Amino acid sequence: MNFKISMAVCCFLCTGILKHHHGVATAGSTFSQSRQLSCLFETTETIPLLTEFKYIRQNAWLLLSGTESKDTERPHPENPSAADTITFIVQKSSLDILQHVDEDTDQLECKISRYFTDNTQILWPGLQTQLHKLDSWFTGTIKHLADKFTVTVFLVQSSASKEAEIRSPEDVSEGNAERFYLSGVFLVRTGPSLIQSGLNKDVLLSCAFSVDHHTDVTIKWLLQQKGGHKSLIFTYNGSTGQVEHKDKRAEMFLAEIPKGNASLLLRTVGVKDAGTYSCSILVSSVLWAQNIQLEIVEKPTVTLNADVLSLVEGDEHKLVCDISHFYPHDAETQWLREPMEQGMLPHVVTHVVSSSHRQNSDGTYSYSSYFLLTASLRDDGRRYTCRVEHQSLKHPIKKSLTVKVTESTSATWFLVILFVLLAGCLVVMLCYLYQGMSTNKPKPY
Ligand SMILES: *[C@@H]1O[C@H](CO)[C@@H](O)[C@H](O)[C@H]1NC(C)=O
Ligand SMILES: *[C@@H]1O[C@H](CO)[C@@H](O)[C@H](O)[C@H]1NC(C)=O
């Protein structure tokens with residue numbers, strides 16, 4: 001990570017110097033303005049006697065040659081950087097790379113690797129193949145630092161460009177700097193590599209491709225779930241136009257495929273749809289797959305068993321906080337005893353019990369967190385808060401209730417007095433009634 005950052009800083013400095021020396025606006029400019037990108041060229045080397053690989057990384061530049069300016073007039077990157085910088089010059093072809101990666105160059109991270117063809121010659125329409133030597137294939141992967149997209153371009157060092165390299169030996173003699181003249185022939189672009197979605201939403205997994213000639217492509221969308229289980233979601237066979245899909249909720253935009261749109265739409269996603277999706281595209285004999293991870297994240301619903309609790313001193317009452325229908329499994333709950341004065345910190349209630357998680361039919365989880373409160377007069381007017389943290393939440397959910405506690409002794413005395421008074425009144429009234437009746441009674445004689 002630090003390395004990447006320092007590379008980005010270095011790139012920024014280099015382009016800054018370029019801007020100064022050549023008057024070409026590159027720092028903070030988009031790729032289509034500067035037409036050059038600082039890259040790492042990564043090769044592997046087997047360590048003798050060990051079956052291990054060693055990665056060798058070298059600074060490199062990816063240049064897009066254009067018709068408007070000849071290469072010789074362009075600010076050549078060997079000027080500001082070390083002598084061992086490799087330059088990959090992508091010659092103009094019918095593949096429009098810039099259309100897919102046009103962003104600020106300081107927002108792009110680029111890596112170039114060799115693409116091993118298993119000692120077979122890839123027959124690619126439009127490429128002149130050599131009889132005695134395999135074409136050299138490379139992949140250039142350009143990632144947006146804020147994960148907007150990932151683009152992989154297939155680059156071929158064709159025989160025609162090798163002549164050009166031979167014809168300009170003075171370029172090769174400058175230090176160890178090497179130059180490769182390449183053509184971009186095939187490209188795959190995926191959108192964000194991590195998507196988080198709530199339940200029952202529609203999710204678009206963005207994938208696009210471009211090929212330098214008109215051809216049939218075969219597109220496959222595969223899903224690998226957490227346990228490792230793999231399933232085929234959608235297949236499109238370009239030569240027959242046949243589609244095959246297991247899940248009717250998954251859709252591709254068939255009319256858009258000829259335009260290079262291989263995106264997959266998943267409708268009303270559920271917990272089971274989480275996993276790593278790969279968009280794989282087969283052109284001629286070149287197969288490339290890029291991954292998109294889908295995470296299902298659902299917010300909990302938090303409810304308390306009361307808003308206001310009226311208790312009598314000494315009563316015991318269960319304060320229950322229900323945390324329900326959330327995903328994934330991990331949620332943190334705390335009960336807080338709020339201070340009576342402002343500016344004080346709440347106390348965490350320690351004797352809290354949590355029920356075990358219940359899994360609902362939609363795959364989400366629910367549980368409750370409770371404690372037994374013994375009402376004391378000191379707690380009259382106190383607020384208790386249930387605080388829930390979950391990865392779906394930017395801020396924790398807080399639900400509070402207020403406890404009202406009345407004095408038990410005063411209450412009973414009040415009742416006793418009331419009872420005595422009422423009883424007294426009743427006795428007095430009955431007496432009067434009796435007396436009255438006995439005086440009003442007509443005498444039997
Ligand atoms: C496409 O379908 C045809 C005819 O069924 C089949 O021969 C071919 O192998 C399929 N292509 C791929 C890449 O699966
Ligand atoms: C593909 O087509 C769909 C539907 O028209 C659109 O929403 C999506 O943005 C397109 N994706 C790409 C990568 O072109």
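Is G227 buried or exposed? I looked this up to begin with, and at 82% relative accessibility G227 counts as exposed, where exposed means over 50% relative accessible area, buried under 20% and partly exposed in between, with a 1.4 Å probe and protein chains only. I must keep in mind that this is a predicted model, in which local features need pLDDT of at least 70 and side-chain atom pairs count only at pLDDT 80 or more, while totals for chains, interfaces and linings use all residues. Residues are numbered from 1 along each chain as its sequence is written, chains are lettered from A and ligands numbered from 1 in the order in which they are written, and side-chain values use heavy atoms, with hydrogens and water left out.

**Entry on G227.** I placed G227 in the loop between β11 (217–224) and β12 (230–237); strands are DSSP runs of E with at least two residues, numbered from the N terminus.

**Entry on salt bridges.** My search of the whole structure gave twelve salt bridges, a salt bridge being a side-chain nitrogen of Lys or Arg within 4 Å of a carboxyl oxygen of Asp or Glu. One of them joins D202 to R267, with the closest N and O atoms 3.3 Å apart. Because D202 sits in the loop between β8 (194–197) and β9 (203–205) and R267 in the loop between β15 (264–266) and β16 (275–283), this pair ties together parts that are 65 residues apart in sequence. D202 is partly exposed at 44% relative accessibility, and R267 is partly exposed at 34%.

I then turned to D379 and R337, whose side chains meet in a salt bridge of 3.0 Å, N to O. This pair links distant parts of the chain, with D379 in the loop between β25 (365–374) and β26 (382–390) and R337 in strand β21 (residues 331–337), 42 residues apart. Here D379 is buried with a relative accessible area of 4%, whereas R337 is partly exposed with 21%.

**Entry on aromatic pairs.** I found 17 aromatic pairs in the whole structure; rings of Phe, Tyr and Trp (its six-membered ring) pair if their centres lie within 6.5 Å, and planes under 30 degrees apart count as stacked, over 60 as edge-to-face and the rest as tilted. Y327 and Y365 form a stacked pair, 6.0 Å centre to centre with 10° between the planes. Since Y327 lies in the loop between β20 (316–326) and β21 and Y365 in strand β25, the pair ties together parts that are 38 residues apart in sequence. Both Y327 and Y365 are buried.

F371 and Y384 form a tilted pair, 5.6 Å centre to centre with 50° between the planes. F371 is buried with a relative accessible area of 2%, and Y384 counts as buried at 2% relative accessibility. I also recorded a cluster in which ring pairs link Y115, W124, W137, F154, F186 and W288.

**Entry on ligand 1.** Which residues are around ligand 1? I listed T218, N237, S239, T240 and L282, a residue being near a molecule if one of its heavy atoms lies within 4 Å of it. The protein covers 40% of the 360 Å² of accessible area that ligand 1 has on its own, such areas coming from the Shrake-Rupley method with a 1.4 Å probe.

Note on methods: Helix = DSSP H or I, 4+ residues; strand = E, 2+ residues; numbered from the N terminus.
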